[in-house]
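Hello,

Here is the structure I promised to pass on to you. Please have a look at it first, and then read my notes on the side-chain contacts below.

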Amino acid sequence: MQDEDDNSAHPPRNSRIFATKSVDVPDCESTKEHAPKLCGYLNKLVGKGPLKGFKTRWFVYDPRKCYLYYFKTPQDALPLGYIEIADACFTYDVEAEEGQFEIRTAGKEFLLKAPNKQVMQYWLQQLQQKRWEFSNTRGCGNRDSWCSPSMLYPHTGLVAKDADAVLLDQPNESMESVRSDFTVVTDANGLVGLQTARNSATLNFSLKQWSTELRNSMSHLRPSRGGENRRSIFYTASNEEWEMIDPPTKDTPEHKPPTESPRRENPSHFHRHSLGSAFTFDFRNPSRIRRPFHMGSGKSSRSAETSPVEFNGSKALELQLRLQNQQEELRRMHEEQTRLQEELSSQKELVRLLQQTLRSSQCERWPSGSSVPGEVDAAAVLAERDGQIQALCGHMERLALEKESLQQELKGLKVKVGEINDQLGMLMETIQAKDEVIMKLSQESQEGNAELPECSSPTARERLELDNLRDSLHGYKSQNNFLNKEILELTVLRRNAEAREKALEAKYTALEAKLCQVESKYLVLLQEVKTPVCSSSEQGPAHEVISRLLEDALEVESSDQQEQTVFKPHAVSEYDVYGFKTVPEEDDEEEKLVAKVRALDLKSLSLTDQEVSVGVKWENYLSGTMNRELIRSPELKSLMRSGVPHVHRSKVWSWCVNFHVKKIRESQPADYYENLLCMARDKPNPASKQIELDLLRTLPNNKHYASPSAEGIQKLRNVLLAFSWRNPDIGYCQGLNRLAAIALLYLEQEEAFWCLIAIVEVFMPRDYYTKTLLGSQVDQRVFKDLMNEKLPRLHAHFEQYKVDFSLITFNWFLVVFVDSVVSDILFKIWDSFLYEGPKIIFRFALALFKCKEEEFLKLQDAMAIFKYLRYFTRTILDARKLMNMAFVDMNPFPLRQIQNRRTFHLEKVRLELTELEAIRQTFLRERETTQDGRTLISDDDEDN
């Protein structure tokens, strides 16, 4: 994949992050949240032809799909591409450039480069570890017969705990031991991690490589000058490394004297052809490898292909200083010539003006035909003027001669500069040839010394060579360990893939057999329905077949059966992904069959192409938020209205809650929630007794709240107690427990606490959950107005039969449809509700009635209508159809209209409450006045 050029890099800052050894799979889930995010800068080979080279990219690992995304900068929203790590293999060459390694995937090869060897090993080991963890958890998920094994669980909340119970085979301890033996602890030197994106400090490898790449690109784009480019490196006594790129050759234009031109040349013209512009110096770290970093693939210089030359650069520096002095002198002389030419032109203009003045004065003083008495004085004045003119003309001639001499001197200096350039080029070639001869002689000397018997004490050169061999040996050992570990892991991954393939084949066979059985039983059932009904005494084998069909239909997949076999073909599990029981434990077989049919319908709806398309859209959107937080936008609003996938709901809900309570949360200390819990433990709360009574009645059909020992009960208790101390005006209201319980399914305790605050204090009007439930009563009247406006036929039908539907809808608004709709629809409603607010409740309440409007209109009895009102929402299973009605059919739906109607009805309800309070006070006063006349006589008094 080719990406665009970038002109800047964002290098990391220095901090230390140590690599960890391989972690067992059971520990992966517990350490996932605390592990640092794998991200950082790497150089990636991009481009084609002469522009091919390394470019700095920001790499981020995504554990959800085991992808390594790369961006142009850490601030970019959309990635340039990604690398699939799950099925990739890694390798590197010891003799290649330092830090360079390769990732190979199906049909693609990615060549990357780290700043040094340690960072390269860190990246390779981390990528190996991530690939190993993903391969071992690839089978995690709620695996019933209809869903493929994949990661289906969020990272937080109670539903995330279900992932621990469905792991595949535990990793082999001996395998983990071998992997740990091959693992080498490395140091990233602060070049990997999130902190690297927040630092603008320069980095040697990135800037050096960027500048080299830029120079190489320009050299390839530059037209050829007919000569071969030279590239030499000078090492001075100050341990600084100077690199000279493309020095001028003999046939370059700047060595030739400029041709004569009638126009005046610009000083910048000489400067452009001066020798100094042909030299480019690159300051490098002396501790680095001294080989030039050649990026392009075009014409290469001779010195770039050979080893750099080391020598004392005093002579070259002297020549360089002389050249600079010559350039400075040329520039100064050119400025002097320009100044003299300007002075000469001004003098000529002055002479011309004097001559005109002289002629005019003569014409005025001596008109034609007249004689002037002061003729002698006039002649003297004219003679003086003629002398001045002659002097000026002489001065002009001298300036012209001086100009010619300066031009000749300038030509001579240019020729001299060209000769010096030629001498410098020949001197550099001579030095390079001498160095090659020296290196050749040194090699021959080393070979000759190797044949001689070993001396008693090794020389410095031998010690250096021995150290180099040791370093090479260490590098090959590290490479050997890495490749052994890579081969071992790839072998295990291949075996796991084969095992998964065999399991899928067995699963397919079992499903095919189950399908044949279902078809056979279906045909038997049709045959039984076709035959006439027999008396009880004449019931034959068909009755037994139908009984067995009912028993098989009522059978669900329990947790024990899941442990026994992975691919047993049961389409309905005991609990859904949210923890709600799918089939009730009642004895009524009809209720069980209805629940089973409902669960099958929901499962089939969740596997439609539209649901898959929504999941793909969310994946694409979230891949663009790797480097940033979510932001409110029309695109995100549309995605929220289509429903958040189960695996992403924790992240999205957490962002929504933090967005709405950001100002409230920033005004409180960081340990605000813990302080409230401590207060609840130390001091008795009036609401604690009612909270304890309602805990087990919150969601009894959810396994996370079904028993006192369930994990969700303690978390729910903490959230409700903390909120009662946070908002003493409300304390606790029945309904808050269900709101908190739903939030805890996807959020941790503290996030669920802030979610409850967002609902009660941000979304809902004031007095919504107080003792009077004033806000809830107002919303019911607003909803009646909307029913009359949006669904006039149904509203008139209810009015005709005196059906007060607010007795049912009141609970919808109070707990946001909890226990009123099926779980799949409930959480899709909550997705939009947490993003847009309470307007969503009105939309979906109207949509529920709209969905079953025709069924209501068919009922012609008040009792039948009210009975249907109590359970009709449970018969609505198609979430897509319901959401289309809520967000399309109900439009327009302005929030201002709801707010205005709330204000109107609020005043009316307050007046009614005031009248009721006045009636109550009157009644109490009357009761107190008549209290004296009401005396009770005891049995003893009656006897007396």
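Let me start with Arg726, which forms a salt bridge with Glu761, their closest N and O atoms being 2.8 Å apart. (A salt bridge here is a side-chain nitrogen of Lys or Arg within 4 Å of a carboxyl oxygen of Asp or Glu.) Arg726 lies in helix H19 (residues 711-726) and Glu761 in helix H21 (residues 749-763), so this pair ties together parts that are 35 residues apart in sequence. Helices (H or I, at least four residues) and strands (E, at least two) are DSSP runs, numbered from the N terminus. Arg726 counts as buried at 19% relative accessibility, while Glu761, at 29%, counts as partly exposed. For these words, buried means under 20% relative accessible area, exposed over 50%, and partly exposed in between (1.4 Å probe, protein chains only).

Before going further, a word on the basis: this is a predicted model, where local features need pLDDT of at least 70 and side-chain atom pairs count only at pLDDT 80 or more, whereas totals for chains, interfaces and linings use all residues. Residues are numbered from 1 along each chain as its sequence is written, and side-chain values use heavy atoms, with hydrogens and water left out.

The whole structure holds 27 salt bridges. One of them joins Lys113 and Glu97 (2.9 Å, N to O). Because Lys113 sits in strand E7 (residues 108-113) and Glu97 in the loop between strand E5 (89-91) and strand E6 (100-105), this contact ties together parts 16 residues apart in sequence. Lys113 also lies over the face of Phe54, at 5.9 Å from the ring centre; the rule asks for NZ of Lys or CZ of Arg within 6 Å of the ring centre and within 35 degrees of the ring normal. Glu328, Arg331 and Glu335, in turn, are linked in a network of salt bridges.

Now the rings. The count comes to 38 aromatic pairs, meaning rings of Phe, Tyr and Trp (its six-membered ring) with centres within 6.5 Å; planes under 30 degrees apart are stacked, over 60 edge-to-face and the rest tilted. Trp653 and Phe827 are stacked, 6.2 Å centre to centre with 25° between the planes. They link distant parts of the chain, Trp653 being in helix H15 (residues 649-660) and Phe827 in helix H25, 174 residues apart. Trp653 is buried at 0% relative accessibility, and Phe827 is buried with 0% too.

Best wishes
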